[in-house]
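Please open the model in your viewer and keep the selection panel at hand. The stops below are meant to be followed in order.

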Protein chains: 2
Amino acid sequence: MTDQTVPTTAAGDPATARGEQTRQLILETALRMFRERGYARTTMRAIAQEAGVAVGNAYYYFGSKEHLIQEFYARTQEEHRVATQPVLARESDFAARLAGVLHAGIDVLTPSHEFAATFFKTAAEPTSPLSPFSAESSAPRQASIDLFAEVLAGSTAKVDAELRPQLPELLWLSYMGVVLFWVYDRSPDQARTRQLIDGAVPLVDRLVALSRLRVLRPVTRQVLDLVRTLRH
Amino acid sequence: MTDQTVPTTAAGDPATARGEQTRQLILETALRMFRERGYARTTMRAIAQEAGVAVGNAYYYFGSKEHLIQEFYARTQEEHRVATQPVLARESDFAARLAGVLHAGIDVLTPSHEFAATFFKTAAEPTSPLSPFSAESSAPRQASIDLFAEVLAGSTAKVDAELRPQLPELLWLSYMGVVLFWVYDRSPDQARTRQLIDGAVPLVDRLVALSRLRVLRPVTRQVLDLVRTLRH
């Protein structure tokens, strides 16, 4: 066991690149099979066989089927972040930034629409580690909340001081609502989801602006209390 | 075929009472089997067998499994209406009436919690005739919206003129949100759903009161436009 015999993990190392290729192959194969046969009925063994790798090798990269889905979440989240960089660099208007991020999220998810519909049954269970609210999903969830924090931070929006620190999470919760709507959207190209975004963004924009009105402060406080109570 | 040989359908007629008994027996048996085996895996044939009636007889009462669920909806809705009569007779405060109706809805649904969780997969499909938004569900949906109209009509709440006619449907939509939360609520006795109701009612009450403020009229209009767009 010397430096010569153990592959290093430095980027660009051939062994690492091959490992990354295998990892990608297993993930792509798994997602395709989940789509075609359903998540519950696809075993790790079948995924390994279909990908042409040893079962032990598949388990080396992904400890379980759940890890495959977590990887899917992480990858989708990263694609979402990358896709939003142009609009976030260009726009300083809160509504334009929010619309850009919501539409980009659906853009990134679109190729997985069929898969999402079949998979939702598993992910929607609140006790499932695959729920977007689970401890296991905390990394992609936090990355997604951070993206909404960026929507706000880079905007010219003036927000009630009590609301501001909580707003990214509220925006993320609204985004989860949009994704839920999208999962069940059977309109061509999920056009109704796009209508939902286009209708909801000006509404959210207005409510955020109004949050500084004295008369609306108690409403803000009630919303924040309610979210806090339910999150506990 | 004379009057003597054809059973009449007059209420209190022994043949009708027997028919109603059979109908109830089939329904109760079906709901128990849906709960135990799942909706998809329970056939009309198995329901008839378990209930001890001929298959043709079962089909005479319920044209399909979907009709059984529609009957479940109708019965649940009627129980909900009856359960709310005391609070609606007693209270004139909008928040108290709304809380009473929401809590009563969950009270009535509680014995079906386990069934609801397994059944939700089917009902949540927007193209399913069993979706609460489907044409087939329009009768219980309208009865439920009427109940929220009664919440409003019997209350002392002062509501924006444009919002008032649409408010019962918005309250019903919120109730569907509460039911969705309840379906996935794994807390003991679905205590979190009760917290959601107790937190959301004062919020809705305040928003309804504020709807008459000039500054909030555009918000009301945007909400109504969005609901109209998505309903189309």
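**A tour of charged pairs and a surface patch**

Begin in helix H1 of chain B by selecting B:Arg32 and B:Glu36, which both lie in that helix, four residues apart, or about one turn. In this predicted model, the two residues form a salt bridge whose closest N and O atoms are 3.9 Å apart. B:Arg32 counts as partly exposed at 33% relative accessibility, whereas B:Glu36 is exposed, with a relative accessible area of 57%.

Staying in chain B, select B:Arg23 and B:Glu71, a salt bridge with its closest N and O atoms 2.6 Å apart. This pair links distant parts of the chain, since B:Arg23 belongs to helix H1 (residues 14-37) and B:Glu71 to helix H4 (residues 65-90), 48 residues apart.

Now move to chain A and select A:Glu28 with A:Arg75, where the closest N and O atoms of the salt bridge are 2.7 Å apart. Here too, distant parts of the chain are linked, with A:Glu28 in helix H1 and A:Arg75 in helix H4, 47 residues apart.

Next, colour residues 20-80 of chain A, which an unreviewed UniProt entry annotates as "domain: HTH tetR-type"; this span is 80% helix and 0% strand. The UniProt feature "DNA-binding region", also from an unreviewed entry, is placed at residues 43-62 of chain A.

Finish by selecting A:Leu213, A:Val215, B:Leu213 and B:Val215, which make a nonpolar surface patch of about 250 Å². A:Val215 sits in the loop between helices H9 (191-210) and H10 (217-231) of chain A, and is partly exposed, with a relative accessible area of 36%.

Methods. Residues are numbered from 1 along each chain as its sequence is written. Chains are lettered from A and ligands numbered from 1 in the order in which they are written. This is a predicted model: local features need pLDDT of at least 70, side-chain atom pairs count only at pLDDT 80 or more; totals for chains, interfaces and linings use all residues. Side-chain values use heavy atoms; hydrogens and water are left out. Patches are made of residues with over 30% relative accessible area and no salt bridge: like charges are joined within 9 Å, nonpolar side chains (Val, Leu, Ile, Met, Phe, Trp, Tyr) within 5 Å. Accessible areas come from the Shrake-Rupley method with a 1.4 Å probe; for residues, only the protein chains shown count as cover. A salt bridge is a side-chain nitrogen of Lys or Arg within 4 Å of a carboxyl oxygen of Asp or Glu. Helices (H or I, at least four residues) and strands (E, at least two) are DSSP runs, numbered from the N terminus. Buried means under 20% relative accessible area, exposed over 50%, partly exposed in between (1.4 Å probe, protein chains only). UniProt positions are given in the numbering used here, feature names are shortened, and annotations may be inferred rather than shown by experiment.
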